[in-house]
Amino acid sequence: MKEAQRRESKSHALIEKPPLSVMLRGDGHMASDAASADRSREARIRESAYARFESRGRQHGHDLDDWLVAEAELKD
């Protein structure tokens, strides 16, 4: 029983967050800022593309076109 608990506690240690010093870049900002911005941009593109899908009456087959138009709109 104690062996199983010890193995379980070790496995939990593997998924804990790294220390803040590891997560910070040299300028003091979180290292994931760029990744977060990319996810946010992707979410905006996804929402815009889905809005196009809905405005077209939910007709399938235009997903790539919707995505590319939404992407181009965000670049402007």
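R58 and E54 form a salt bridge, their closest N and O atoms lying 3.0 Å apart; a salt bridge is a side-chain nitrogen of Lys or Arg within 4 Å of a carboxyl oxygen of Asp or Glu. The model is predicted, so local features need pLDDT of at least 70 and side-chain atom pairs count only at pLDDT 80 or more, while totals for chains, interfaces and linings use all residues. Residues are numbered from 1 along each chain as its sequence is written, and side-chain values use heavy atoms, with hydrogens and water left out.

**Salt bridges**

- Side chains of opposite charge can pair when their charged atoms come close.
- R58 is partly exposed, at a relative accessible area of 45%, and E54 is partly exposed at 39%; buried means under 20% relative accessible area, exposed over 50%, and partly exposed in between (1.4 Å probe, protein chains only).
- R46 and E42 are joined by a salt bridge between their side chains, at 3.2 Å from N to O.
- R46 and E42 are 4 residues apart in helix α3, which means that about one helical turn separates them.
- An α-helix has 3.6 residues a turn, so residues three or four places apart point the same way.
- R46 has a relative accessible area of 44% and is partly exposed, as is E42 at 39%.
- R52 pairs with E73 in a salt bridge whose closest N and O atoms are 2.4 Å apart.
- This pair links distant parts of the chain, with R52 in helix α3 and E73 in helix α4, 21 residues apart.
- R52 is partly exposed at 28%, and E73 is partly exposed at 40%.

**Helix α3**

- Helix α3 covers residues 33-55; helices (H or I, at least four residues) are DSSP runs numbered from the N terminus.
- Its 23 residues reach 33 Å from first C-alpha to last, close to the 33 Å expected at 1.5 Å a residue, where the expected span is 1.5 Å times one less than the number of residues.
- Within α3, the residues I45, A49 and F53 are buried.
- Just after α3, G57 takes a positive phi of about 85°.

**Packing against helix α4**

- The buried residues of α3 pack against α4.
- D66 belongs to helix α4, which spans residues 63-75.
- D66 counts as buried because its relative accessibility is 7%.
- Leaving aside residues up to four places away in sequence, D66 touches A49, R52, F53 and R56; contact means heavy atoms within 4.5 Å.

Notes
Helices (H or I, at least four residues) and strands (E, at least two) are DSSP runs, numbered from the N terminus.
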